[in-house]
Amino acid sequence: MKWCRYQQGDTASFGIIESDTGEGDTVVEVSGSPFASYTKTSNSQPLSSVKLLPPVIPSNFYAAGINYREHIIEMAQKRGEEPFFPPNADVGYRSNNALTGQDDPIIVPKDATELLQYEGELVVVFGKQCKNVSEDQALDYVLGYTIGNDVSERTWQRGDRTMWRAKNTDTFKPMGPWIVTDLEPDDFHVSIKLNDRLVGEYDVKDAIFSVRHYISRMSQYLTLHPGDVLWMGTDGAPENMKDGDVVEVEINDIGILRNPVVWEK
């Protein structure tokens with residue numbers, strides 16, 4: 001099943017996307033949500049006619065720590081340091097104010113430096129309350145998966161005491177375009193394009209710590225709730241983005257998250 005969240009007048013609604021090979025995909029409005037009981041309504045419209053929003057506004061917004069070896073090695077080389085591989089699956093946090101949706105601009109403050117970079121990531125969306133689960137049980141608590149771009153301003157990331165603006169500036173967290181259920185995360189391949197040029201790709205199964213491991217470890221300490229999200233980290237060495245660029249993150253069986261970059265004047 002493919003869930004979306006979209007704008008209809010002044011109202012944000014959940015919808016189910018249904019495929020029609022003849023006329024294109026259709027969005028059927030839902031009463032309720034994917035995280036509770038719901039019913040389909042009689043209101044439907046072409047997917048191409050609606051404004052897609054971030055598919056969920058999470059109650060808790062988690063982000064996996066550095067989780068891919070190539071990313072760790074290449075970023076350490078840029079800093080002139082030896083790479084350090086995490087001994088445990090550590091978790092950080094992001095802020096909902098930074099969320100934005102499909103085709104929305106990444107708006108960059110005018111005092112940002114040229115070290116503004118994309119990070120294309122798999123996003124896990126929880127569907128049920130989760131506490132003290134094993135790795136074998138972990139995916140039973142997942143509603144589905146979407147795509148994230150963890151935009152990062154590296155000068156701020158290195159210089160500030162926290163990542164409050166390097167990671168959490170308004171619009172620095174594009175997420176979408178929708179949530180797809182009933183998939184196996186180890187089958188995902190992530191591709192990142194900058195202005196139609198392939199600039200990175202990796203397999204999710206190559207992560208240091210798997211989706212299952214993260215969920216199990218987190219659930220020993222945190223209660224995970226329906227609608228919570230977990231961004232799973234990126235691989236490789238991202239390039240800088242500049243004003244007018246368009247970045248696309250594609251994950252097989254999910255789709256493409258696309259956003260332009262707009263620098264404040």
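How far apart are the closest N and O atoms in the salt bridge between Lys-167 and Glu-119? They are 3.5 Å apart, and the views below, all taken from a predicted model, start with this pair.

**Figure 1. Lys-167 and Glu-119 form a salt bridge.** In this close-up, the closest N and O atoms of the two residues sit 3.5 Å from each other. Lys-167 belongs to the loop between α2 and β14 (173-181), while Glu-119 belongs to the loop between β10 and β11, so this pair ties together parts that are 48 residues apart in sequence. Are the two partners buried or exposed? Both Lys-167 and Glu-119 are buried.

**Figure 2. Glu-119 also meets Arg-154 in a salt bridge.** Here the N to O distance between the side chains is 2.6 Å. Arg-154 is found in helix α2 (residues 154-159) and Glu-119 in the loop between β10 (116-117) and β11 (120-126), so the contact ties together parts that are 35 residues apart in sequence. Arg-154 has a relative accessible area of 6% and is buried. Glu-119, at 5% relative accessibility, counts as buried too, because the cut-off for buried is under 20%.

**Figure 3. A network of salt bridges includes Glu-119.**

**Figure 4. Arg-258 and Asp-103 meet through their side chains in a salt bridge.** The distance from N to O is 3.4 Å. Arg-258 lies in strand β19 (residues 255-263), and Asp-103 lies in the loop between β8 (99-100) and β9 (106-108), so the pair ties together parts that are 155 residues apart in sequence. How accessible are these partners? Arg-258 is partly exposed, with a relative accessible area of 28%. Asp-103 counts as partly exposed as well, at 43% relative accessibility.

**Figure 5. Trp-231 is a buried residue in strand β17.** The strand spans residues 229-231. With 1% relative accessibility, Trp-231 counts as buried. Where does Ser-44 stand relative to Trp-231? From C-alpha to C-alpha, the two are 31 Å apart in space, and they are 187 residues apart in sequence.

Technical notes:
Residues are numbered from 1 along each chain as its sequence is written. This is a predicted model: local features need pLDDT of at least 70, side-chain atom pairs count only at pLDDT 80 or more; totals for chains, interfaces and linings use all residues. Side-chain values use heavy atoms; hydrogens and water are left out. A salt bridge is a side-chain nitrogen of Lys or Arg within 4 Å of a carboxyl oxygen of Asp or Glu. Helices (H or I, at least four residues) and strands (E, at least two) are DSSP runs, numbered from the N terminus. Buried means under 20% relative accessible area, exposed over 50%, partly exposed in between (1.4 Å probe, protein chains only).
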